[in-house]
Amino acid sequence: MNGELNLDYEVLLQHYAVPWGTKLLLALLILFVGVWVSRRIVKLVGRMMVRSGLDEMLIGFISSLVNALLLVVVVIAALAQLGIQTTSLIAVLGAAGLAVGLALQNSLANFAAGVLLLIFKPFKAGDFVEVAGVTGTVENIRVFSSVLRTPDNREITVPNGKIYGDIITNFTARDTRRIDLVVGISYESDLRKAIEILQDLMASDTRVLADPAPTTGVLELADSSVNLFLRPWVASSDFWAVRCDFLERIKQRFDESGIVIPYPQMDVHLQSGAETAS
């Protein structure tokens with residue numbers, strides 16, 4: 001052979017180059033076409049979610065997730081065309097996904113809750129809410145957590161899992177709210193006069209709505225006072241201002257009219273020993 005390597009190029013071409021070249025071309029074709037189709041599907045899904053009114057953050061996250069899943073399918077299909085056994089690869093990916101899921105249980109729970117919050121929208125940015133024991137204005141709703149700003153300007157980040165798993169109170173979801181105030185007067189004070197003052201205060205305030213009509217009356221005869229109630233309806237944005245104004249004006253009008261707001265008190269009767277024996 002004189003040290004020369006004798007190669008049958010025709011056999012090499014027919015049995016190796018052509019079959020592998022064909023498989024490689026088909027794999028590349030599957031890859032390019034799959035990527036193109038994936039982008040089309042992601043755009044279609046995005047348009048459908050926009051039409052359904054989903055949150056932009058949720059749309060972006062779901063679009064990225066769909067795109068990643070489609071790309072994995074395309075890559076696996078291209079590898080299978082090259083003759084690579086993808087069964088073991090799929091099993092490895094499944095096991096890895098299971099391990100990641102177990103390690104990120106809390107994060108996945110927060111993610112699922114965030115998706116539900118963005119879909120069902122029990123509150124939105126700008127609403128004043130009470131969630132998971134925190135009261136404040138909603139600044140931002142993220143996929144894993146929500147950010148609230150408290151009345152004293154603290155920023156609190158609450159995991160979405162705690163929000164969705166607890167009671168959600170939205171104070172600004174409705175256009176109107178009812179103020180519930182209870183005022184106690186002494187038994188010696190003029191009951192009719194006190195009720196007239198409360199009625200006049202509600203009737204003279206333009207922020208109080210006529211429908212539903214405001215109400216007032218006697219709530220209960222307590223140990224140390226006659227408790228009166230007043231329940232005006234106002235716009236949700238006026239709730240705290242009207243409530244504070246009413247408390248101040250009630251105190252002023254009662255003082256001017258001689259109506260006493262009593263302290264809690266107890267009458268103690270003492271008897272002498274002789275009186276007790278008799």
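## The largest nonpolar core

A nonpolar core is a set of buried Ala, Val, Leu, Ile, Met, Phe, Trp, Tyr and Cys residues joined through side-chain atoms within 4.5 Å. With that in hand, let us look at this predicted model. Its largest nonpolar core holds 21 residues, and those touching the most other members are Ile185, Leu228, Leu230, Phe246, Ile250 and Phe254. Two or more residues each come from β7 (181-185), α6 (191-204), β9 (226-231) and α7 (239-256). The top contributor is α6, which gives six residues to this core.

## Around Ile185

Leaving aside residues up to four places away in sequence, Ile185 is in contact with Asp190, Leu191, Ala194, Ser225, Val226, Leu228, Phe254, Ile259, Val260 and Pro262. Another core lies apart from the largest one; it has 11 residues, including Phe123, Val131, Val134 and Leu148.

## The five-stranded sheet

Now for the strands. An open sheet is built from five of them, ordered β4-β3-β2-β1-β5, with antiparallel pairing. At its edges stand β4 (155-159) and β5 (168-170); each has a single partner strand, so one side of each is left without a neighbour in the sheet. On average, neighbouring strands of this sheet are turned by 40° against each other, direction ignored.

Further inside the strand order, β1 (residues 128-131) and β2 (residues 134-141) run antiparallel and are joined by four bridges.

Conventions:
Residues are numbered from 1 along each chain as its sequence is written. This is a predicted model: local features need pLDDT of at least 70, side-chain atom pairs count only at pLDDT 80 or more; totals for chains, interfaces and linings use all residues. Side-chain values use heavy atoms; hydrogens and water are left out. Buried means under 20% relative accessible area, exposed over 50%, partly exposed in between (1.4 Å probe, protein chains only). Contact means heavy atoms within 4.5 Å. Two strands pair if DSSP finds at least two bridges between them. Axes are lines fitted to C-alpha atoms, for helices over the stretch in contact, and angles run from 0 to 180 degrees between N-to-C directions.
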